[in-house]
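Before reading on, please take a moment to look over the chains and their strands and helices. The report is meant for someone meeting this structure for the first time.

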Amino acid sequence: MIQKEEKLQRYISVKKIDVRTFTMFAVLVVLWIFFTYFTSNGFSSLETSFLSTRNLSNLMRQMTTVGIMGISMVLVMVSGGIDLSAGAVVGFIGCIAAVLQVYGGMGTTETILICLILSVVIYMVQGSLIAYLDLAPFIVTLGAMLVFKGLILVVTKGTTIAPLQESLIYFGQAYISRPMSLVLGIVMSLLLLLNGVQKRASKKRNGTITGSPRNMLIQWVLMTASILIAVLIMNNYRGMPVPVLIMFVLVILLTLVAERTTLGRSIYAIGGNLDAARYSGINVKKNLVMVYSIHGFMIGVAGLILAARLNASTTTVANMSLEMDAIAAAVIGGTSMSGGIGKVAGAILGALMMGTIDNGMSLMNLDASWQYIVKGVILVAAVWFDIRTNKKRKN
Amino acid sequence: MQPDYILEMRGITKLFPGVRALANVDFEVTRGHVHALVGENGAGKSTLIKIISGVYPYGSYEGQMFYDGKEMKFQSIRDVEKEGIVCIHQELNVVPELSVAENIFLNEKPTRFGFIDFDKMYMDSMGLLEQIGLNSEGNLAISPDEKVRNLGIGQKQMVEIAKALAKEVRLLILDEPTAALTEAEVDVLLDIVCKLRSEGVTCIYISHRLDEVMRIADEITVLRDGQTIATRKRSELDKETMISLMVGRELKNMFPRVPHTRGELVLEVKSYSVEHPDIEGKKLIENVSFQACRGEILGISGLMGAGRTELFTALYGAFREKGEGEVLICGEPVKITNPMDALRQGFFLISEDRKKLGLNLIMSVKENTTLAALHKVSKYGVINDDREVNYTNQYKASLQIATHDINAAVSCLSGGNQQKVVLAKALVCNPKIIVLDEPTRGIDVGAKYEIYKLMNELVDQGVVIIMISSEMEEILGMSDRIITMANGKITGEFDISEATQEILLQASVPGR
């Protein structure tokens, strides 16, 4: 009897996760249809609409900054923290890159190195304040946000600094050639297959096999199909944008960190139950500093890509509240505000949703104010949905 | 002559999932008396009090409650307080940032034209404080406009009593009021209780300190295992009889006792002290020394608040205050400032609070099992799934953890199986010393037996087992040697051959 109940509970909890992702996808599809309808004269001129390959390619390119910020925000939030300074630091790193190149005449390699190191150091300091001085992440990062908004003005003196060197712009604006994109897509799908087979083999060794190979194959076919469709859409325009490729590489890397390393496991343990983690002998402080350092690296990458895409550094970046978009992306992707729960890849879904709203509404020539309103409503609705499913799961 | 009862409880039964906390309890309190309620931990005192004070509303228990001759069906604490029954719990309910007067009149502040009438409030507070004998003289004098945050625990308790008087209390319930008080404060408190009695307030007084009970109670009711054992006049009772009434039961054959042979010394603690985290200058653990050897189960006995959990949490490096003193493991002096150090020394603490400190309920059985030994299942920081699954399956089999899927959330498991997961987590670390704090709390009988058996096996493998338990039966049933604690001190050490429930309880009752 008890076993039956347990089984039922497990079944529901597994199904709920699917329901959640599925709902977000459904909302996304509805949004896409909606925007396509209103930008194509009622589906009559698709080639200039939201659904045109040109626009979809642009959409992907535009979402990379928030996407990269979002996936590492997931890790920070899983650890029980939050980062309000992300947007300001992204802007600051962009400014430093521009200053180094325009005023300092520095090469791209050096610029990238300096910017990434700087960003990691910024977050190492914030992480240390949080871990060793027991300060609330909200407060530390709020303070940092103000500091870096100020520092941007100090560095740029309020002007726009441009242009950057071609080799740096590459990372924000260039495209990978069509054949190369296709090859990358196929390699990716093969890696997925390999991973699936390996996982199955290991489960078989341990006698915890779940489901038949059919399920695994269906999953793989679906993934491969979506990868190839995405690649074909990109290729129909100009090929895979470089920043999108970088984003996907980072998603894979960060997923591996979250799910396959002791660091990742410790982060989930700390965010899920700090005291239990401490009692289990996990080095809470060191792991927290590590999370923020990794986050710093990701924020550095996001800042460089944004600056490269804009081909300039402007003071306005810090006022775009990118950190809020990143937090929203993580939350829409299923990350819990109270820590311990979250999936790295989920933030991409969230970022895609935010990007879709921005992009679609601008295509419809709606005022930017409406983008804020709609994004706000969707964010709150997503969290409500999350809490509701969680509650049901607990009951 | 029919006695004049203010409160009569008939046939009270209260069930919790899997446990019968109260079984057909009768309880009568005579008007104008101080009635003491005594019993061991878990005898059902708190449950009974929670029923009287409305924490458990009518309908959540069986039986009848008569107050002033009328049957009462209380739905909430507010209903109860309207009738003049006020309960002062062990954890005080004062608002630290408000003044004494504001706390006293927290619920019904006197108003004038809709605004709080501060003058009246302060005057009335003065009157109430005077009523309990806290006028402007004496070392416990309280000013009504003092912030409660600045008061000592004893004074806070007085504020609570004044608050009860403001509600025109007729039946005052004091739950372990003296647990945190100094001797001088206890004297004042007992005087107040006597004074209130002379003014016609009835009082139910719950305490572990039997000396206090003997000093002020008119009648004493002993509870044991959720049943009323006896209600006697104080004059008919002495402390020894009371203890034997509190204990009075035979050990059933629930414990798989096997003889162990005591081996070499592993853990040695010398004059170890821990500061009280909240009260400056007070020691929570005072000058404690003990030893634990290979091949024995060392039982730590004592009443709640004796400092047992705090002592071992501090030794484990997880307490807020750091302990002072010498700790030796296998003859080597060690310095443990956090659980990481403790684990490195082969010292594992299984906390009494399984859900808060033992497990990560969001995580799976597998993830919980390996959490304390991630270095064993990983290489260069990358987790090896095979090794993780192997460890989990190994302990799942040896501890008979009933779960069909090690990837299921640990929250889906029953209490006993959850406890086994915590044990598995400890065993993966291969510790030399395992401290089990209340290892079988909230666990059904079958799982208890399995955990006891496991403890025996571990002892045979050469692990030192230290078991903290509030259950006398468990202590006597499993330990080879027993240390009793009271008030943060070790009050006795007994070999199992000389220990009886009476002796242990005598040693555990804080002396005054």
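The text below takes up confidence, domains and cores, and then strands of chain B.

This is a predicted model, and the scores that come with it are an ipTM of 0.85 and a pTM of 0.78. In chain A the mean pLDDT is 88, with 92% of the residues reaching 70 or more, while in chain B the mean is 86 and 95% of the residues reach 70 or more. Within chain A, the lowest mean pLDDT among the elements, 69, belongs to helix H1 (residues 2–39) of chain A, and the highest, 97, belongs to helix H4 (residues 108–132) of chain A. The pLDDT is below 50 over residues 8–16 of chain A, a stretch that has eight contacts in the model beyond near neighbours in sequence.

For chain B, the domain assignment gives domain 1 (1–84 + 170–252), domain 2 (96–169) and domain 3 (265–508). Between the C-alpha centres of domain 2 of chain B and domain 3 of chain B the distance is 44 Å.

The largest nonpolar core has 105 residues, of which Ile68(A), Met69(A), Ile71(A), Val90(A) and Met353(A) touch the most other members. Helix H2 (residues 53–78) of chain A gives the most to this core, contributing 14 residues. At least three residues of the core come from each of domain 1 (56–174 + 266–395) and domain 2 (175–240) of chain A. Leaving aside residues up to four places away in sequence, the residues touched by Met69(A) include Ala86(A), Gly87(A), Val90(A), His295(A) and Leu322(A). There is also a second, separate core of 97 residues, and Ile220(B), Ile468(B), Ile483(B) and Val509(B) are among its members.

Ile220(B) also belongs to strand E11(B), where Ile220(B), Val222(B) and Arg224(B) point one way and Glu219(B), Thr221(B) and Leu223(B) the other, all of them buried. Because six of the six residues of strand E11 (residues 219–224) of chain B are buried, this strand is largely enclosed by the rest of the structure. Strand E3 (residues 34–38) of chain B pairs with E11(B) in the parallel sense over four bridges, and Ala36(B) stands opposite Ile220(B) in that pairing. Strand E12 (residues 227–233) of chain B, by contrast, runs antiparallel to E11(B) and is joined to it by six bridges, with Gln227(B) in E12(B) as the bridge partner of Arg224(B). The hairpin of E11(B) and E12(B) has two residues between the strands, and Asp225(B) takes a positive phi near 50° there.

Elsewhere in chain B, four strands form an open sheet in the order E14-E13-E16-E17, with antiparallel pairing. Its edge strands, each pairing on one side only, are strand E14 (283–293) and strand E17 (332–333) of chain B. Helix H9 (residues 308–315) of chain B packs on the sheet, touching E13, E14 and strand E16 (323–329) of chain B, and its direction makes about 70° with that of E14(B). The pairings of this sheet are set out here.

| Strand pair | Sense | Bridges |
|---|---|---|
| E13(B) and E14(B) | antiparallel | seven bridges |
| E13(B) and E16(B) | antiparallel | six bridges |
| E16(B) and E17(B) | antiparallel | two bridges |

Individual bridge partners can be named as well: Tyr272(B) has Val288(B) in E14(B), Ser273(B) has Glu324(B) in E16(B), and Ile329(B) has Glu332(B) in E17(B). E16(B) and E17(B) form a hairpin with two residues between them, and in its turn Cys330(B) has a positive phi of about 55°.

Terms used. Residues are numbered from 1 along each chain as its sequence is written. Chains are lettered from A and ligands numbered from 1 in the order in which they are written. This is a predicted model: local features need pLDDT of at least 70, side-chain atom pairs count only at pLDDT 80 or more; totals for chains, interfaces and linings use all residues. Side-chain values use heavy atoms; hydrogens and water are left out. pLDDT is the predictor's confidence in each residue, from 0 to 100. Contact means heavy atoms within 4.5 Å. Two strands pair if DSSP finds at least two bridges between them. Axes are lines fitted to C-alpha atoms, for helices over the stretch in contact, and angles run from 0 to 180 degrees between N-to-C directions. A nonpolar core is a set of buried Ala, Val, Leu, Ile, Met, Phe, Trp, Tyr and Cys residues joined through side-chain atoms within 4.5 Å. Buried means under 20% relative accessible area, exposed over 50%, partly exposed in between (1.4 Å probe, protein chains only). Domain bounds come from an automatic or database domain assignment.
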